[in-house]
Amino acid sequence: MDEFVMPDPEVRVEGARELARDLVVIPDRGVPLVPNIGVIGGTHSVLVVETGIGPGNAGEVLAFADEYAKGRRLYLTTTHFHPEHAFGAHVFAGRATFLVNRAQAEDLRVKGPGYLEMFRGLGETVARRLAGFEPAVPDVVYDDAYDLDLGGRVVRLRPTGRAHSKGDQVITVPDAGVMFTGDLVEAGQFAIFPWFPPHDTDVSGTRWITVMERLAAERPRVVVPGHGEVGGPGLLADVRDYLRLLRDETWARRDSAMSEESVAAEVAALMVERHPEWSGQEWIEKGVGCLCAEHQAVRPGGR
Ligand SMILES: [Zn+2]
């Protein structure tokens, strides 16, 4: 009766704001399943980061980018394959060069269909956004690293290795000190652990911590998280510290042979107390589940 109705995950391009010279972000406005979207320009080309969920949103983003580009060539990349980030890429076919890292291209191909079904099940508003979805085929797939020259500005595309998903990719604009992290970082929210055994167990808490240590060491001036407000390098430190604490508190309890259920309840209470203002509390337990499995892996049989 008072069932939660998912708000329409609509991208609103009119909210776009400039973060640096020739670099704008279309903010998520705090709406679930809307990502922060980037548009980065150089003298001859423009790169779009993320599509929004479904063809309608992607069409709006493409129209915005097209107008912004004023005749410059268009590229598209996505931080990872999750539907609100990448499930509009087919709309860009023939209009932009779609460029991704190999692990993400694999995720799109292998995991895309399952996520399409899962997200359709999230509610009517989301299912409507996904109507007309078609799988996108990347134009360029790279392995280790890709430096995209937009003309007078080189953007660095780097896969991080498995963390939030198998195919996570970070995009940095060195001349502006801006980093797009995708869901490796959320602002004002608990880290999203897509831990859905047996269907998807790619997320890794331990590897995610290593990635965050590396990204924090890069000290970008501006961090554009997957969701939530744009911030500074403190966002990277926040996620790193949260993940470390989540791991330590989970593993300490597993060492004393506590059941996973009790660990989850205790750790969730502790984390909420630590970050009472953060949303997405439901992801804490998923994170505990993931870290329990990884605890098992590093200490077989437990203790
Ligand atoms: Zn994600």
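Let's start with the contact between H6 and H7. On the H6 side we have Leu246, Glu249, Thr250, Arg253 and Arg254. They meet Val263, Glu266, Val267, Leu270 and Met271 in H7. By class, this contact splits into 5 nonpolar residues, 1 polar and 4 charged. Keep in mind that this is a predicted model.

Now the geometry. Two packed helices are described by the angle between their axes and the distance between the axes. Here H6 spans residues 234-255 and H7 spans residues 260-274. Their axes come within 10 Å. The crossing angle is roughly 150°, and the crossing is right-handed.

Next, the backbone. Where is the cis peptide bond? It joins Pro197 and Pro198, with omega at about 5°. Pro198 sits in the loop that runs between strand E11 (178-186) and helix H5 (205-218).

Two residues other than glycine have a positive phi: take Leu33, where phi is near 65°, and Lys70, where phi is near 45°.

Leu33 belongs to the loop between strand E2 (23-26) and strand E3 (37-41). Is Leu33 buried or exposed? Buried, because Leu33 has 25 C-beta neighbours inside 10 Å, and the cut-off for buried is 20 or more.

Lys70 is in another loop, between helix H1 (54-69) and strand E5 (73-77). Lys70 has 8 C-beta neighbours inside 10 Å, so Lys70 counts as exposed. The cut-off there is 12 or fewer.

To recap the pair: Leu33 is buried, whereas Lys70 is exposed.

Technical notes
Residues numbered from 1 in each chain as written. Predicted model: local features only at pLDDT ≥ 70, side-chain atom pairs only at ≥ 80, totals over all residues. Axes fitted to C-alpha atoms, helices over the stretch in contact; angles between N-to-C directions. Helix = DSSP H or I, 4+ residues; strand = E, 2+ residues; numbered from the N terminus. Left-handed = near helix turned anticlockwise from the far one by under 90°. Contact = placed C-beta atoms within 7 Å. Nonpolar A, V, L, I, M, F, W, Y, C, P; charged D, E, K, R; others polar.
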